[in-house]
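Here are my notes on the two-chain model you asked me to look over. Have the coordinates open while you read.

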Amino acid sequence: MLEKFKKNQEDLMIIRPCVNIYEQNNNIILAVEMPNVDKQTLDVNLDNNQLIIRAIKKKDEISKEYHSIHQERSRVGYERRFEINTEIDRDKIEAEYKNGILTVTLAKAEAEQPKKITIKS
Amino acid sequence: MALVPYKRDNWWVDPFSELENLQKQMNQLFDFSLSRNPFNDTTLLGGQWAPAIDVYDSKDNLLIKADLPGLSKDEIEVSIQDNNLLLKGEKKKDKEINEENYFKTERFYGSFFRTIPLPSAVDSANVDAKYEDGVLTLTLPKKEESKPKQITIDVK
């Protein structure tokens, strides 16, 4: 999904990367499609209830002997925000970047044991 | 009553320029489907989606980069046939996850297929392929006879 939000200082177009969100083993997992990202610009932040994922694509290193005859890929910045409504364990957030996919694993917080209320008669 | 939108900067109204414009637009419409640019020939019949590619040319090699995130190198198939590069593969759905466990699915799954016509003949035995961070990089060395040859002009 391509939406031209705004341009940052580098004058890059920011696009919203495609994402799959699913539940597995009491975790909420987000798989974000972001190929060729510069890992130093990868940023995953949980601010109150908003999960913000940001990254910037690497600049292709093409040696000078080449000239471009067809271009479809472009250097972009990625940004996506999610509202997390479920209670999650904020200390156990994991993020892994592999093969162009960022996988963020949010562990659901332990459900509080229902308190048993004794009725005085 | 104006049938033609009033353009302030036309010092004279040239009815033929309007028709010419229309002709140009119709041409563009047909061009889109008949694709003059050979690289734009991504037929949707090939698969549900096709990767975005960049093609570079040098004296000795062709360089192709394709965005294919979330695959392993066993899921990508690269072959050369009749001077066309065939990129195909299949993104398989994760079997461990049931349909009802998904909150959101935006990523594409299924087979992808793209034919890239190569502007020069390449030595298919010596193609270098790398898959890193979701990007497939192919370096195809050109065959000797396809390399550009300098033609000396005799001036008499």
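Predicted model: local features only at pLDDT ≥ 70, side-chain atom pairs only at ≥ 80, totals over all residues.

1. Let's start with the open sheet in chain A. Four strands make it up, in the order E1-E7-E5-E4, and their pairing is mixed. E1(A), at 13-15, and E4(A), at 43-47, are the edge strands; each has a single partner strand, so one side of each has no neighbour in the sheet. On average, and ignoring direction, neighbouring strands of this sheet are turned by 20° against each other.

2. E4(A) runs antiparallel to E5(A), residues 50-56, and five bridges join the two. If you want a pair to click on, Asp43(A) sits opposite Arg54(A) of E5(A).

3. How many residues of each chain are in contact with the other? For chain B it is 28, and these touch 28 residues of chain A. On the chain B side, E1 (53-57), E2 (61-67) and E5 (102-105) each supply at least two residues. The most comes from E1(B), which gives five. By residue class, the chain B side splits into 13 nonpolar, six polar and nine charged.

4. The chains also pair strand to strand. E2(A), residues 19-24, and E5(B) are antiparallel, with three bridges between them. Have a look at Tyr22(A), which stands opposite Tyr102(B) in E5(B). E5(B) is also one of the strands that supply at least two residues to the side of chain B touching chain A.

5. Chain B has one helix and eight strands. Along the sequence the pattern reads α-β-β-β-β-β-β-β-β. Of its 156 residues, 19% are buried. Taking contacts in chain B between residues at least 6 apart in sequence, 56% join residues at least 24 apart.

6. Which residues have the most contacts inside the largest nonpolar core? They are Leu62(B), Ile64(B), Ala66(B) and Ile116(B), in a core of 18 residues. E1, E2, E4 (84-91) and E8 (135-141) of chain B are the elements giving two or more residues to this core. Leaving aside residues up to four places away in sequence, Ala66(B) touches Pro51(B), Ile53(B), Leu87(B) and Leu136(B).

7. There is a second, separate core, with 17 residues. Among them are Val19(A), Ala31(A), Ile101(A) and Leu106(A).

Terms used: Residues numbered from 1 in each chain as written. Chains lettered and ligands numbered in written order. Pairing = 2+ DSSP bridges. Axes fitted to C-alpha atoms, helices over the stretch in contact; angles between N-to-C directions. Contact = placed C-beta atoms within 7 Å. Nonpolar A, V, L, I, M, F, W, Y, C, P; charged D, E, K, R; others polar. Buried ≥ 20, exposed ≤ 12 C-beta atoms within 10 Å, placed from the backbone. Core = buried A, V, L, I, M, F, W, Y, C linked by C-beta atoms within 7 Å.
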